[in-house]
Amino acid sequence: MSDNFSNEWNRREFLQGMGAAAGMALSGCGINADRSAKGLTEEAEAVKPIVNSQTLEKPNLTIGYVPVNDCAPFAIAWKKGFFRKYGLNVKLNREASWATSRDGLIFGRLDASPVVSGAVTNARIGAEGARHAPMCAAMTIHRHGNAMTMSKAMWDFGLRPWHEYNGNLEEFGKQFRGFFESQPVENKVWAVVLSSAIYEYFVRYISAAAGIDPFKEFRIIIVPPPQMVTNMRIGAMQAYMVAEPWNTRAIKGNLGVGFTFAQGKEVWQGHPDRVLGVMQSFIDENPKTYYSLVKAMVEACQFCSKPENRSQIAALLTDRSFTGAKPKNGAIDKFTRPGIVGEYNYGGFDEKDRTIISEDTTIFYDIPKNLPQIPGNHSTFLWQSHSIWLMTQAARWGHIKEVPKNADELAKQAWRTDLYRKIVAEMAIDCPQEDYKVEPAEVFIDKKSFDPSDPVGYLNSFEIRANRPQSFFQS
């Protein structure tokens, strides 16, 4: 590729990105002003608080959320009155993207907000694409609930959902490389919701596992979840990774622009997807308030975890304030329901039914039996070893120069298992007493286990990895 062409492409991309960013800023203002969940529901008003709000340092909170299925515990805590139960008066603020959800914490616009797994860790280590800030989390909002969508063009080339390869990474890699080699440079694009976070790591991880260097075959751009389907329709990218319902929306029978290649759980079964982010200063200045917030969110996650509640949760999320995927004329919700209830359809452009029923499609609290069982473990418990894994990926893909020598201390500062144990003990909830666990080989797509006691050795075991920081393209 000539220098002139490269310069022209970068200039064109920059201008397009500026236009898109302006559009996002305008739409973000409209979303936050017009569509955030407001007031108290009748159910919430009927709840009698067990915590006197006057005993809390800051009972009035502004909490962000993003319009994806991930917001289910926040929607339930608001609707069912769990916030009110613990003395909190919460204003939910609908965010335009995961970047605004993260930055709202850092700049003080939000008191708490869900953030993409990796954002808290990377704020601590100052990874490329992340603002260096003392962010913390004491609980996971949910595990799984995300997926990778590929375009119809990739389907037509011969690519299929991952489970149809029966674990054959070599076969998938040949097709994957062949597709991108057949494309002009402007089509070699994969989108994720945030740089330096688990979705980007998963995209690069699965590519490298198939023997393909993700720096050479395609570029990664950043697109907010609600804009994924539209951007795929106009050809801005050939694949993306995002939380539901924005994968299910894309399949044939819905909007028909792509198919689900793999759920995130097929890359790493049991991975944390979203965590409840706050700043360290919020915990230091408002300890009683923070205890109430975590308790409310844990109860909301417990509610979301029960199979008998899943249908009403999915229905609530279709409200305009949340995902906005409202079914018409009383029809069954085709968008939000599959990822919540666990009736997941991968789609495809043939007549084959690829619906898989699984209780681990999205995990809010109880650990499904098909995952490794640890006494006292539940989904809201954060493992600091997962924070270490995220640091290895930040180093692997050039977002930091090396795994930090004080990785253990940084994980301890970022993922507050100490606080979580104290908080849930007051709720009579048991949880693991260890902060680290080995991830067995069978939970990863490439069958490579992770031992947190040797993160550098783990990093060096990968043949494909970056040697220098890489740039990101804003779409």
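Reader: How many bridges join S3 to strand S10, and which way do they run?
Author: In this predicted model, S3 and strand S10 (residues 272-279) run antiparallel and are joined by 4 bridges.

Reader: Which residue in S10 stands opposite Val-115?
Author: Val-275 in S10 faces Val-115.

Reader: What is the order of the strands in the open sheet?
Author: The open sheet consists of 4 strands in the order S3-S10-S4-S13, with antiparallel pairing. Strand S3 (113-116) and strand S13 (362-363) lie at the edges; each has a single partner strand, so one side of each has no neighbour in the sheet.

Reader: Turning to the helices, at what angle do the axes of H9 and H16 cross?
Author: The axes of helix H9 (residues 198-209) and helix H16 (residues 384-396) cross at roughly 65 degrees and come within 10 Å. That angle makes H9 roughly perpendicular to H16.

Reader: Is that crossing left-handed or right-handed?
Author: The crossing of H9 and H16 is left-handed.

Reader: Which residues meet there?
Author: From H9, Ile-198, Tyr-201, Phe-202, Tyr-205 and Ala-208 meet Trp-389, Leu-390, Gln-393, Ala-394 and Arg-396 of H16. The residues of this contact comprise 8 nonpolar, 1 polar and 1 charged.

Reader: What pLDDT does the chain average?
Author: The chain averages a pLDDT of 90, and 90% of the residues score at least 70. Over residues 1-32, however, the pLDDT is below 50. Beyond near neighbours in sequence, that stretch has 22 contacts in the model.

Methods: Residues numbered from 1 in each chain as written. Predicted model: local features only at pLDDT ≥ 70, side-chain atom pairs only at ≥ 80, totals over all residues. Heavy atoms only, no water. Axes fitted to C-alpha atoms, helices over the stretch in contact; angles between N-to-C directions. Helix = DSSP H or I, 4+ residues; strand = E, 2+ residues; numbered from the N terminus. Parallel < 35°, antiparallel > 145°, perpendicular 65-115°, else oblique. Left-handed = near helix turned anticlockwise from the far one by under 90°. Contact = heavy atoms within 4.5 Å. Nonpolar A, V, L, I, M, F, W, Y, C, P; charged D, E, K, R; others polar. Pairing = 2+ DSSP bridges. pLDDT = per-residue confidence, 0-100.
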